[in-house]
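Please look through the notes below with the structure open beside you. Each point takes up one topic.

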Amino acid sequence: MSMTFLQMSAFREVMRLGSVSEAARSLLRTQPAISAQIKALEAELECSLFERKGKRLVAMPEAHYLLREAERILDSLETVERNMRNLRHQLRGELTLVSMPGPTVEFLPELISDFIEDRPDVKVTLISRTSPQVEQLMATQNYDIGIGDSQFAGGKGSTVLNHKIFRFDTFCALRKDNPLALKPVLTPSDLSGAPIGCLNADHPGAKRLQQVFDDAGAELNARIRSRFFVPIFRFIERGQCFGIMDSLARETYNVMRGSHADLVFVPFSPAISLEVSLMTPKHRPLSQLADLFRESLEERLASL
């Protein structure tokens, strides 16, 4: 069976209006064109759908059955067309993201919230995992965007993922009432022996921090260690340690606390660049919606 969309549309309008000429006007077609579509449909189905009585068309029982099916099919096609139109205009669809824990606390929710503000039909899945797990999940090609420490990522040579690396400067986070907050730059010598909050010892960034202190002949007193920076904020706010962290963590804190921020972030020297990888699947093109969000995310990361 090869009924066409035009045949079904012509049939539905004739049934609805009871007249070929009215159906032609409704569909912006000529009367002979509509009559031809009805005849072609009857030939395809090998049965008569209408009986002509004078100038009126009377629908046969078969026509009433076909009308129910035609309306169901045409409604489905119209829904598909509407959804595809919304997808083209990035008004509908789904975003799937997986990220290391830190950005999922405030940074990504804030960015996603702004993005979907005027897109009520967009659905979002946001998953928090460690950086190695982020890469493993992204490698399945089932997620749109992943964010993880580049030190744990497969890197530029990956055959399944695209990696875009962002490098963030390092800051010392401390209470704004601490005298050291007045200094333009803080060094290992300024913090020698002071309690520090930093990443776990197995993190490449923590190893570079230890090397920087060793090179300066300073003592790194790592009092608080964490898999990511956000839990360390509370200890710094209570004056129990300083924090050595990147500008992405600084942005997360500022979003969390807003005008109630108790901490300041002073540049730390020598710089310890912490790298974040933005991952996208290599073998599954992003939807227009996901690609638009990726652009927004890249711009935000670059601004930090």
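1. Start with a term. Helices are DSSP runs of H or I with at least four residues, and they are numbered from the N terminus. With that in hand, find Leu28 in the loop between α2 (20–27) and α3 (31–45). Keep in mind that this is a predicted model.

2. Now the backbone at Leu28. Most residues other than glycine have a negative phi. Leu28 is not a glycine, yet its phi is positive, about 60 degrees. Leu28 is exposed, because its relative accessible area is 77% and exposed means over 50%.

3. Gln141 also deserves a look. Its phi is near 70 degrees, a positive value in a residue other than glycine. Gln141 sits in the loop between α7 (131–139) and β5 (145–149). Is Gln141 buried or exposed? Gln141 has a relative accessible area of 13%, so it is buried; the cut-off for buried is under 20%.

4. Next, a peptide bond. Most peptide bonds are trans. The bond from Ser269 to Pro270 is cis, with omega near 5 degrees. Pro270 belongs to the loop between β11 and β12.

5. How many aromatic pairs does the structure hold? There are 5 aromatic pairs. One of them is stacked: Phe213 and Phe268, at 6.3 Å centre to centre with 15 degrees between the planes. Phe213 is in helix α9 (residues 204–215), while Phe268 is in the loop between β11 (263–267) and β12 (274–281). The two are 55 residues apart, and the pair links distant parts of the chain. Both Phe213 and Phe268 are buried. Elsewhere, ring pairs join Phe233, Tyr253 and Phe265 into a cluster.

6. Salt bridges come next. Side chains of opposite charge can pair when their charged atoms come close. The count is 13 salt bridges. Take Arg16 and Glu13: their side chains meet at 2.7 Å, N to O. Both lie in helix α1 (residues 5–17), 3 residues apart, about one turn of the helix. Arg16 counts as exposed at 55% relative accessibility. Glu13 is buried, with a relative accessible area of 8%.

7. Helix α2 gives another case. Arg25 and Glu22 form a salt bridge of 2.3 Å, N to O. They are separated by about one helical turn, because they are 3 residues apart in α2. Arg25 counts as exposed at 53%, and Glu22 is partly exposed at 34%.

8. Some salt bridges reach across elements. Glu237 and Arg257 meet at 2.7 Å, N to O. Glu237 lies in helix α10 (residues 232–237) and Arg257 in helix α11, so the pair ties together parts 20 residues apart in sequence. Glu237 counts as buried, at 7% relative accessibility. There is also a network of salt bridges, which links Lys164, Asp291, Arg294, Glu295 and Glu298.

9. Which residues form a negative surface patch? They are Glu110, Asp114, Glu117 and Asp118. Asp114 lies in helix α6 (residues 107–116). At 53% relative accessibility, Asp114 counts as exposed.

10. Last, a distance to trace on screen. Ala261 is in the loop between α11 (247–257) and β11. Ala261 is buried, with a relative accessible area of 12%.

Definitions and conventions: Residues numbered from 1 in each chain as written. Predicted model: local features only at pLDDT ≥ 70, side-chain atom pairs only at ≥ 80, totals over all residues. Heavy atoms only, no water. Patch = residues over 30% accessible without salt bridge, like charges linked within 9 Å, V, L, I, M, F, W, Y side chains within 5 Å. Areas by Shrake-Rupley, 256 points an atom, 1.4 Å probe, with all protein chains shown as cover. Salt bridge = Lys/Arg side-chain N within 4 Å of Asp/Glu carboxyl O. Lys, Arg positive; Asp, Glu negative; His and termini not counted. Charge placed at Lys NZ, Arg CZ, Asp CG, Glu CD. Buried < 20%, exposed > 50% of the residue type's maximum accessible area, 1.4 Å probe, protein only. Phe/Tyr/Trp six-rings, centres within 6.5 Å; stacked < 30°, edge-to-face > 60°.
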